[in-house]
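Subject: Handing over the model

Hi,

Here is the structure I promised to pass on.

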2 protein chains.
Amino acid sequence: MEHLTDEAAMDLAVAAALEGVRGANPLVGAVLTAPDGQLLAVGRHRGAGTLHAEADALAAWAALRETDPQAAAVDPAACTLHVTLEPCDHTGRTGPCTGAVRAAGIGRLVYAVADPTGTSGGGAQTLRAAGLDVSGPTGHAGSLALTDRWRRARAAGRPFVTAHLAQSLDGCAAAADGTSQWITSPASRAHAHAVRGRVDAIVVGTGTVLADDPRLTARDDDGSLASVQPVPVVMGHRRIPAGAALRGHPALAAGEEPLHVRSHDPAEVLAAIAAHPGPWPHGRGGCEHLLIEGGPTVLAAWIAADLVDELHVYTAPTFLGAGLPAVSGLAVDTLAHAVRWTPDSAEGGPVRPLGPDTWTHLRPATAAGKE
Amino acid sequence: MEHLTDEAAMDLAVAAALEGVRGANPLVGAVLTAPDGQLLAVGRHRGAGTLHAEADALAAWAALRETDPQAAAVDPAACTLHVTLEPCDHTGRTGPCTGAVRAAGIGRLVYAVADPTGTSGGGAQTLRAAGLDVSGPTGHAGSLALTDRWRRARAAGRPFVTAHLAQSLDGCAAAADGTSQWITSPASRAHAHAVRGRVDAIVVGTGTVLADDPRLTARDDDGSLASVQPVPVVMGHRRIPAGAALRGHPALAAGEEPLHVRSHDPAEVLAAIAAHPGPWPHGRGGCEHLLIEGGPTVLAAWIAADLVDELHVYTAPTFLGAGLPAVSGLAVDTLAHAVRWTPDSAEGGPVRPLGPDTWTHLRPATAAGKE
């Protein structure tokens, strides 16, 4: 039997949250404890459209009470719910967490970080008004780190941005003669397609359209189209050829032109995406999660602008010698000016094999310092 | 209770072998089974100077017999020992495995791969002559793959060669201005020092001596000198400066000049190392395990000559933009000519985090095809 301090309960909530997936929805974890700190339930958010962490923990506790008389005897009013992010006060695809907490009769809430959004914020205030003993925001470091980049994107009114890098061991996206299909393995490509399937839009440069003619669709392992498709976005000054594969993208209506932003500036691309009417996948009202797929100068532009919130690196066990770099144009002259990242523990840890390749999951190292 | 076919027993022996460490000694695994295929014991070689796999399995079985009456009742003459490599017939730092097998009274031996060495080969013949039922070499694929590069090095009469690569995410060993200390983390450097501590010699180019002034010592985690030190070797045409740190290397006698091979040709370096009188660490009579540490053109030369048997890649989560490549001069013009590697499952798997860095363990993809 575990007896947790408030701090230890929040640490456990962070660990639970990290099993989730990064993106438009923040990673959130929740832990329910009895008055003596005994652990009653752990919950986490598992991705868009699923139960929020608070509701997940309360559902786990309700299930336990049905089979465990000792759990059933615990008075909810004497229990504390620990949440890494302020409970939402908003009905989206799931009901408001404030309602779930009140319905469960929980007496005390500790939350680590205030919800910065206008739509779902205010939950702490609502619960205080309802008579709960509410502590927060406590500023718990692990909880702050969990959502630092997400909160930054929210505060800037822009989507959460994931970038994708597929390269050889020596950092090349293509051989010297431009050949690049396929450097990485089917396992890496399947992972990349799963990521495409959970974003709202994908950005590539005109150079990538001309060199690789990508379809920019999310496909299942058998090659068939996934049920939800990201909106394709092209940035750069060159024209999209008449026969480009992405012109047949399923997110485009018949005769609709792909969104083409004639600029190398990520800020202009974000503005054009914000102005785009959609429709957007995942039932969202706008683009909340953006994937940058390349090529090299496009990736460098988004990285240099500090607009990449997470980075997926797929590295094939191959040397391409004097090939074409996967990232090109970063202004780094000395080691002290290196663009640094930090391992991202979400989604099963920061590194794992994907077939013969290595998958590395990173976040900007400077995120916390720039809050 | 597991009942194994000969094939399944050998697969299990391979899995056990992969827990060991690559180098001058081959990875070997052994499995002892009863007449009905019941698993009695698993053994593996854990590194230079420790029990060979056969002796390890027999020791595990002897220990089991002391506590388990059912195991004690099994007749050794009815048992089969499955070994991935022919048992040695040679007394080195441990006794000959043929002797251990005979002393245990084992009735049947299955081995997968013949021992190619003059000193320790002939074990199967010895055991047949002693009356054992011996099957082999069976050519079991997993066992062949386990030692393919080791056998190649043995057949060529050269040391097993490990190469070391420390680089940024974009494949740079230094920034544009040459700054490079430290790109990788203390955890990566500690791992690299542990590798230095198990090789017989380290090769660097004169460029690395001039740029980094490395000590080329193996150091423990606290920075103190390890008890066994590799012999430093320098290749290239430039002079080793009078004040170079490696001149104070503990493997050099007072006043002794470091071994300096004035050549860019790995074959000439191997010849010079073979002619070097030593003394060699690890109680060996020569250099049986060589580490290539760089720099970029030295690594490329050994890779291009297909003389690298395993590759350790330490990748820091950092972009260095227009930095200096970690490998330089590989003649690859198109993807079909890429230098390909394959994940090496020995030593705890092909990929793992080391602090913020990623460690990748690779072997040449073409090894088996070139046997």
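Among contacts in chain A between residues at least 6 apart in sequence, 74% are between residues at least 24 apart. Please keep in mind as you read that this is a predicted model.

On overall size, the radius of gyration of chain A is 22 Å, which agrees with the value near 21 Å that a compact globule of 371 residues would have. Along the principal axes, the C-alpha atoms of chain A fill a box of roughly 70 × 45 × 40 Å. The secondary structure of this chain consists of ten helices and 17 strands. Of its 371 residues, 54% count as buried. The accessible surface of chain A is about 14,500 Å², and carbon and sulfur atoms account for 54% of that surface.

Now to one helix that I looked at in some detail. Helix H7 of chain A covers residues 186–196, and its buried residues are Ser188(A), His191(A), Ala192(A), His193(A), Val195(A) and Arg196(A). What do these buried residues pack against? Their partners in chain A are strands S6 (160–168), S8 (201–205), S11 (289–294), S12 (310–316), S16 (351–354) and S17 (357–364).

Arg196(A) also brings us to the charges. Its side chain meets that of Glu293(A) in a salt bridge, with 2.8 Å from N to O. This pair links distant parts of the chain, since Arg196(A) belongs to helix H7 and Glu293(A) to strand S11, 97 residues apart. Are the two partners buried or exposed? Arg196(A) counts as buried because its relative accessible area is 9%, under the 20% cut-off. Glu293(A) is buried as well, with a relative accessible area of 17%.

Over all chains, the count of salt bridges comes to 32.

Two pairs in chain B may interest you too:

- Arg108(B) and Asp133(B) form a salt bridge with their side chains, at 3.7 Å from N to O. The pair links distant parts of the chain: Arg108(B) lies in strand S4 (residues 108–113) and Asp133(B) in strand S5 (residues 133–135), 25 residues apart. Arg108(B) counts as partly exposed at 22% relative accessibility, and Asp133(B) counts as partly exposed at 42%.
- Arg149(B) and Asp306(B) form a salt bridge in which the closest N and O atoms are 3.1 Å apart. Here too distant parts of the chain are linked: Arg149(B) is in helix H6 (residues 141–156), while Asp306(B) is in the loop between helix H10 (296–304) and strand S12 (310–316), 157 residues apart. Arg149(B) is buried, with a relative accessible area of 2%, and Asp306(B) counts as buried at 16% relative accessibility.

In chain A, salt bridges that share partners join Arg149(A), Arg152(A), Arg158(A), Asp306(A) and Asp309(A) into one network.

Leaving out residues up to four places away in sequence, Glu86(A) touches Glu54(A), Tyr111(A), Val113(A), Ala114(A), Asp115(A), Gly122(A), Gly123(A) and Ala124(A).

Met235(A) lies in strand S9 (residues 231–235) and is buried, with a relative accessible area of 2%. Not counting residues up to four places away in sequence, Met235(A) touches a set of residues including Val203(A), Val204(A), Val261(A), His264(A), Pro266(A) and Trp302(A). From C-alpha to C-alpha, Met235(A) and Arg215(A) are 15 Å apart in space, and they are 20 residues apart in sequence.

Ala63(A) belongs to helix H2 (residues 53–67) and counts as partly exposed at 46% relative accessibility. The C-alpha atoms of Ala63(A) and Leu85(A) are separated by 24 Å, with the two residues 22 apart along the chain.

Best wishes

How values were computed. Residues numbered from 1 in each chain as written. Chains lettered and ligands numbered in written order. Predicted model: local features only at pLDDT ≥ 70, side-chain atom pairs only at ≥ 80, totals over all residues. Heavy atoms only, no water. Buried < 20%, exposed > 50% of the residue type's maximum accessible area, 1.4 Å probe, protein only. Helix = DSSP H or I, 4+ residues; strand = E, 2+ residues; numbered from the N terminus. Contact = heavy atoms within 4.5 Å. Rg over C-alpha atoms; globule rule 2.2 N^0.38 Å. Areas by Shrake-Rupley, 256 points an atom, 1.4 Å probe, with all protein chains shown as cover. Salt bridge = Lys/Arg side-chain N within 4 Å of Asp/Glu carboxyl O.
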